[in-house]
Each structure stands twice: as C-alpha cells, then as structure tokens.
Amino acid sequence: MLRRSLLLLPALLLAACQTDTPADPSETTEITPPMDASSTPDALSVSDPFTAAVPAQGTGGVFLTLTGGPTPDTLIGASFAGAEQVEVHETYDTEDGLRGMREAEGGIPVPAASTVELAPGGYHIMLINLAEAATEGDTLDLTLEFTQAGPLEVRVPVLGLDQIQRPSAE
C-alpha cells in the first residue's frame, strides 16, 4: 500500500500543475467562518490546511485557505524546520501551453475580508527536500510570514492520497 501511495504522489503533484490558473485574489468571495482558524476573530486567519504524505528527501505541497482580516495583507514566506527549502508558489501557463510552477514574486495578496485558496493548480507552499518522511497521520508545524500580521503558526495534517479531494476537470 505504501509503495502504491508513493507511486501516486508524483501524479498528485503533477495534477497540481494541470488545473485552472489561480483565482484572481482581488475578487471578494463570501466568507464562512474558518473551521480551524489560527488567529483571533477580525484578524487574518488560516483554515483547512493539509499536505499529502511525502517520502524523505521528497517534495510536497501545502494547501490551505487564507481569510483576510480588516486590512489587506500579503503572504511573503513560510518555513518548516524539516525541509531544506520552503517556497510560496503559484502555477502559471507556459508559452507552449503547458503548466509550470514558480515562486510567487512579491508573495500572495490577501485582500481585506476576502478568501484566498491555496490549492492544487493554483497558489501553494512547496516543502523541498524533506529531512524525514511526512506520513499519513503526522502533523507538520509550519510558520507563515505575512507583511502585516507577521509570523503565524499553522499545524498542517498529513493526509493519505485517498483523503485528498482532487480538483474536478472542467
């Protein structure tokens, strides 16, 4: 079972690059109260964080929902002690019609009172070269860095591939 899960991991990461472009973060969407808010009411909050199981020396993506507080903010970085490198990424369309990933230059804007999804195929946080495997049932302690809110600690559950809802094809 573990071998099959490890074989499916590249497919999941590839799927993260094969869906629609990121939503325009300036669009205001209806906000529902975050289920696992990592902040106080009326402040920027984080909900529904997750990552897939990743082998040691592997690369994985962290996905979550950011809900803006009363003033705009920007996610400019992240850190995780168990990764060689952590990058805030966006997915983009290449000139030849393919999808690619790159660091989000200037970070990810979080407009006031709006929701920004970090999801496969859009914005996400890359954990590069993990020192130890992230196995299903683990929890990773990630620190998000914002221009206004400063550092925000987030506990990220590691899910099995069967627990992750894949984006629907349009």
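**Reading the labels in a ten-strand chain**

Modeller: Along the sequence, the protein chain runs α-β-β-β-β-β-β-β-β-β-β. This is a predicted model, in which local features need pLDDT of at least 70, side-chain atom pairs count only at pLDDT 80 or more, and totals for chains, interfaces and linings use all residues. Residues are numbered from 1 along each chain as its sequence is written, and side-chain values use heavy atoms, with hydrogens and water left out.

Biologist: What makes a run of residues a helix or a strand in this protein chain?

Modeller: Both are DSSP runs numbered from the N terminus: helices are H or I with at least four residues, strands are E with at least two. The protein chain has 1 helix and 10 strands on that basis.

Biologist: Why is the pair of Phe 50 and Phe 63 called tilted?

Modeller: Rings of Phe, Tyr and Trp (its six-membered ring) pair if their centres lie within 6.5 Å; planes under 30 degrees apart are stacked, over 60 edge-to-face, and the rest tilted. Phe 50 and Phe 63 are 5.4 Å centre to centre with 40 degrees between the planes, so they form a tilted pair. The structure holds 1 aromatic pair.

Biologist: What does the pair of Phe 50 and Phe 63 tie together?

Modeller: Phe 50 is in strand β1 (residues 45–52) and Phe 63 in strand β2 (residues 60–67), so the pair ties together parts that are 13 residues apart in sequence.

Biologist: What is Thr 65 joined to by a polar contact?

Modeller: The side chains of Thr 65 and Glu 117 are joined by a polar contact of 2.9 Å. The cut-off is a pair of N or O atoms within 3.5 Å; within protein, one must be able to donate a hydrogen and the other to accept it, and residues adjacent in sequence count only if both atoms are side-chain atoms.

Biologist: What makes a set of residues a nonpolar core, and how many residues has the largest?

Modeller: A nonpolar core is a set of buried Ala, Val, Leu, Ile, Met, Phe, Trp, Tyr and Cys residues joined through side-chain atoms within 4.5 Å. The largest has 30 residues, and those with the most contacts inside it include Leu 66, Ile 125 and Leu 144. Among the elements giving two or more residues to this core are β2, β3 (73–79) and β8 (124–130). A second, separate core of 5 residues includes Phe 50, Ala 52, Phe 63 and Leu 161.

Biologist: How do you know that Asp 48 and Gln 57 have positive phi values?

Modeller: Phi is near 50 degrees for Asp 48 and near 65 degrees for Gln 57. Most residues other than glycine have a negative phi. Asp 48 lies in strand β1 and, at 32% relative accessibility, counts as partly exposed. Gln 57 sits in the loop between β1 and β2 and is exposed, with a relative accessible area of 55%.

Note on methods: Buried means under 20% relative accessible area, exposed over 50%, partly exposed in between (1.4 Å probe, protein chains only).
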